[in-house]
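Dear colleague,

Please find the structure below, together with its sequence. My notes on what was found follow directly after it.

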Amino acid sequence: MRLLPQPPEHPISSMNAPAGAIPGAKKQLRACLLCSIIQTPQDFKRLGCPNCDEILQIQNDSERVASCTSAQFDGVIALTNPGESWVARWQRTDNFVRGLYAIRVTGRLPVDVQDALAVRGYTYRPRDQVQEL
């Protein structure tokens, strides 16, 4: 059996929460509009987004947390080995850290963030599964 490299550990996973526990009540959680990871607003502000903070720059910025995350999301996927999960590939989260991810997130990133993504050569695909014509 060959050993595969493990994805980086997210800072929240080292907290004293039991394995597999959803952090708090769903109404207090938010999902990132770019990668769909689920965290509390406080964790987004304190730690930023573990997958996209380089682009979103939401760490220590409450207004940015509010505009780049959403409290309206459906479904939760617990990814423990994103690189080998067909669900992670389907959801386009296979290159992200372990954690809880929303299946669908309602909302759109601010235009300035979409522009920053375009400048870096990324195509923004909203996670609400609504196709714009």
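In which helix does Lys45 lie? Lys45 belongs to helix 1, residues 41-47 (helices are DSSP runs of H or I with at least four residues, strands are runs of E with at least two, and both are numbered from the N terminus).

Two remarks on the basis of these notes come first. This is a predicted model, in which local features need pLDDT of at least 70 and side-chain atom pairs count only at pLDDT 80 or more, while totals for chains, interfaces and linings use all residues. Residues are numbered from 1 along each chain as its sequence is written, and side-chain values use heavy atoms, with hydrogens and water left out.

Lys45 has a relative accessible area of 36% and is therefore partly exposed (buried is under 20%, exposed over 50%, partly exposed in between, with a 1.4 Å probe and protein chains only). Its side chain makes a polar contact of 3.3 Å with the side chain of Ser62 (a pair of N or O atoms within 3.5 Å; within protein, one must be able to donate a hydrogen and the other to accept it, and residues adjacent in sequence count only if both atoms are side-chain atoms). Lys45 and Ile58 are 13 residues apart in sequence, with their C-alpha atoms 6.3 Å apart.

Arg30 is located in strand 1, residues 30-32. Arg30 is buried and has no salt bridge (a side-chain nitrogen of Lys or Arg within 4 Å of a carboxyl oxygen of Asp or Glu). The nearest side chain of opposite charge, that of Asp61, is 12 Å away (Lys and Arg count as positive, Asp and Glu as negative; His and the chain ends are not counted). The side chain of Arg30 does make a polar contact of 2.6 Å with the side chain of Thr69, and a polar atom of the Arg30 side chain lies 3.3 Å from the backbone oxygen of Ala66.

The largest nonpolar core has 29 residues, and Cys32, Leu34, Ile37, Cys49, Leu56 and Leu109 have the most contacts inside it (such a core is a set of buried Ala, Val, Leu, Ile, Met, Phe, Trp, Tyr and Cys residues joined through side-chain atoms within 4.5 Å). Strand 5 supplies the largest share of this core, 4 residues.

Yours sincerely
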